[in-house]
Amino acid sequence: MSLAAPERLTAAKPRPRKARKVMIARHGVIVRVTHWINAISLFFLLLSGLQIFNAHPSLYWGQQSNFGHGWLSMGAYASGGTLHGVTKVGPTLFDTTGFLGASQDHGVWTSRGFPAWLTIPSARFLALGRRWHFFFAWLFALNGAVYIASAVVSGHLRRDLAPTLGELKPRHLLLEIWNHIRLRFPKGEEARRYNVLQKGAYLGVVLGLLPLMVLTGMTMSPMLDAAFPFLLDLFGGRQSARSIHFITASLIVLFFAVHILMVLLAGPWNEVRSMITGRFAIEVEPPRPAGDAP
């Protein structure tokens, strides 16, 4: 008589727990409203600023314009019956025909710094460009003051934007940079708050570039120079302020381009919805059933 082999007891494999989406409140009303006002203001400021720049497409350092010796200039020359655009940065010349220096306006080649499709208004109209620029400059400055005051009073600046000491450690910074290079965006609970690179970028723009753009813009106004004469000394002259103003605006355009790219890569619908409704979706692990082994 043979004994039957004992049955093998196999442990049931636990079912994988699926993450679930949770809607959280991410942006307050003031943050959302000032964000969109900023976006609109900057659009008109930048394009009307190019209209103003086209009136004299050269930049200098110091108080006076040293014609023909700008550190950056755009122009055109005719050769063989064709207009060629040239951009000079320092001693180096670049052929920028079709975009900078020489471009087509309604099918006609013309000498101008930035092309007509990139300026507000598109036609050569310096007075109207200045009106657009000054109107949105005041709107931009007042809107920024409201945002900063609200961020300080509500604690948004300290709670959400100021990096912690742990986040500033080199190891953590390098890890965040490496994750961004690999396009690994925060998930789950980490997505509830800004990472240290986002905090640094936002603080750099809000507390650095934007105030600098406002102050250099004030320095270029003779009326404001009379009221605040220290501005000319602060920036080393009106032409230096104009150059810094242009560089600052270019850095803001670069920030805007990177910002849009990150929004597209991280999930545009979720990101844009959070800036319209304030609600942001994150994925969280469901609670572990009682008795489950960790």
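Modeller: Let's start with a rule: two strands pair if DSSP finds at least two bridges between them. Keep in mind that this is a predicted model. Here, strand β4 (residues 82-89) and β5 pair in the antiparallel sense over four bridges.

Colleague: Okay, and which residue stands opposite Phe-94 in β5?

Modeller: That's Thr-87.

Colleague: What is the order of the strands in the open sheet?

Modeller: Reading across, you get β2-β3-β4-β5, four strands with antiparallel pairing. β2 (58-59) and β5 (92-95) are the edge strands, each with a single partner strand, so one side of each has no neighbour in the sheet.

Colleague: And how should I think about side chains along a strand?

Modeller: In a regular strand, they alternate between the two faces of the sheet.

Colleague: Now the hairpin. How many residues lie between β6 and β7?

Modeller: Two, and one to look at in the turn is His-106, with a positive phi of about 55 degrees. Strand β6 (residues 101-105) and strand β7 (residues 108-112) run antiparallel and are joined by five bridges. As an example, Gly-101 has Arg-112 of β7 as its bridge partner.

Colleague: On to helices. How do I read the angle between α2 and α5?

Modeller: The cut-off you need is that angles over 145 degrees count as roughly antiparallel. Helix α2 (residues 126-154) and helix α5 (residues 196-219) have axes that come within 11 Å and cross at roughly 150 degrees. That angle makes α2 roughly antiparallel to α5. Their crossing is left-handed.

Colleague: Which residues make that contact?

Modeller: From α2 you have Phe-140, Tyr-147 and Ile-148, and from α5 there are Val-206, Leu-207, Leu-210, Met-213 and Val-214. By class, the contact has eight nonpolar residues, no polar and no charged ones.

Colleague: What about α1 and α9: at what angle do they pack?

Modeller: Helix α1 (residues 29-54) and helix α9 (residues 268-276) meet at about 105 degrees, with their axes 8 Å apart. They are therefore roughly perpendicular to each other. Val-31, Arg-32, His-35 and Trp-36 of α1 touch Ser-274, Met-275 and Ile-276 of α9. This contact is made up of four nonpolar, two polar and one charged residues.

Colleague: Zooming out, how many helices and strands does the protein have?

Modeller: Nine helices and eight strands. For overall shape, look at the radius of gyration: the protein has 27 Å, while a compact globule of 294 residues would be near 19 Å. Along the principal axes, the C-alpha atoms fill a box of roughly 110 × 55 × 35 Å.

Conventions: Residues are numbered from 1 along each chain as its sequence is written. This is a predicted model: local features need pLDDT of at least 70, side-chain atom pairs count only at pLDDT 80 or more; totals for chains, interfaces and linings use all residues. Side-chain values use heavy atoms; hydrogens and water are left out. Axes are lines fitted to C-alpha atoms, for helices over the stretch in contact, and angles run from 0 to 180 degrees between N-to-C directions. Angles under 35 degrees count as roughly parallel, over 145 as roughly antiparallel, 65 to 115 as roughly perpendicular and the rest as oblique. A crossing is left-handed if the near helix is turned anticlockwise from the far one by less than a right angle, and right-handed if clockwise. Contact means heavy atoms within 4.5 Å. Ala, Val, Leu, Ile, Met, Phe, Trp, Tyr, Cys and Pro count as nonpolar, Asp, Glu, Lys and Arg as charged, and the others, Gly among them, as polar. The radius of gyration is taken over C-alpha atoms; the globule rule is 2.2 Å times the number of residues to the power 0.38.
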